[in-house]
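Here is a short walk through one structure, starting from a single residue and moving out to the fold around it.

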Amino acid sequence: MDITYFFNDGILDINVSGELDEHSAYLMRTTIDNIIDSYVDKGPINVNIDLSQISFMDSTGIGVLLGRYKKFANKNVIINLKNPSKNADKILKMAGIYEIMPKVS
Amino acid sequence: MNSNNYFVLTLKAKSENESFARSAVGAFLVPLSPSIEELTDIKTATSEAVTNSIVHAYGGKQDGDITITVVTNDHEVEIIVEDDGCGIPNIEEAKQPFYTTRPNEDRSGMGFTVMESFMDSVVVTNKKTGGIRVSLKKKLGT
């Protein structure tokens, strides 16, 4: 699991790569929270969580993503899911997550 | 033709073993020439069952045994994931989408839904000796 980010003009791109399962969930949760927390006071932000490099994802990943939505929904933060890999896309689509966090490219 | 083959793997219920568990299952099935999507479905369903054992059966203590048995018969695959944990009081309730006993931990409650969506059949039973047995079946090449 590797996480990098880039902020510019109200848009925060967070790139996540590797396997997203129970083992990596804690690191992903805390790292993404810390990154968003550091920009949340600077006005409304659009967060794009880039999932194009996710090689594996199970329902633990759904929980982590939904958790970020719940945590930041009332803090002027919009979270989008960017370019999900085929593996991530199938499970996200099946669970109806794009109705809450839009899929963007 | 790879008829009637099996392997059995017992792992400590540590989350770091999840990746190895699903990869081992996937590697064993390669001689059956599954599609990438079939392999991903099976690995994901296996991961769900193993996660349930780690998080729920053993309460995240990172201890206890999980046994994975994979049986193949021609192109029919059965993966059996067993633990000796606390069992599930109401299996039908646990299978409901978004049902979770741990709402404060960012749990999606979608584990069984994913298994049922990605596999042909999912049978969950409480073992008489305690713990859970999950049987996941899929026919390859359909």
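Is A:M1 buried, exposed or partly exposed? The model is a predicted one, and in it A:M1 has 16 C-beta neighbours inside 10 Å.

The position of A:M1 in the chain comes next. A:M1 lies in the segment before β1 of chain A. Apart from neighbours within four places in sequence, A:M1 is in contact with A:G18, A:E19, A:S24, A:L27 and A:M28.

The sheet can now be followed strand by strand. In chain A, five strands form an open sheet with mixed pairing, in the order β1-β2-β3-β4-β5. The edges are taken by β1 (2-8) and β5 (103-104) of chain A; each has a single partner strand, so one side of each is left without a neighbour in the sheet. The partner of β1(A) is strand β2 (residues 11-20) of chain A, and the two pair in the antiparallel sense over seven bridges. Within this pair, A:F6 stands opposite A:D13 of β2(A).

Helices pack on the sheet as well. Helix α1 (residues 22-37) of chain A touches β1, β2, β3 (45-57) and β4 (77-82) of chain A, and its direction makes about 170° with that of β2(A). Helix α3 (residues 86-94) of chain A touches β3 and β4 of chain A, with its direction at about 110° to that of β3(A).

Note on methods:
Residues are numbered from 1 along each chain as its sequence is written. Chains are lettered from A and ligands numbered from 1 in the order in which they are written. This is a predicted model: local features need pLDDT of at least 70, side-chain atom pairs count only at pLDDT 80 or more; totals for chains, interfaces and linings use all residues. Two strands pair if DSSP finds at least two bridges between them. Helices (H or I, at least four residues) and strands (E, at least two) are DSSP runs, numbered from the N terminus. Two residues are in contact if their C-beta atoms, placed from the backbone, lie within 7 Å. Axes are lines fitted to C-alpha atoms, for helices over the stretch in contact, and angles run from 0 to 180 degrees between N-to-C directions. A residue is buried if 20 or more other C-beta atoms lie within 10 Å of its own, exposed if 12 or fewer, and partly exposed in between; C-beta atoms are placed from the backbone.
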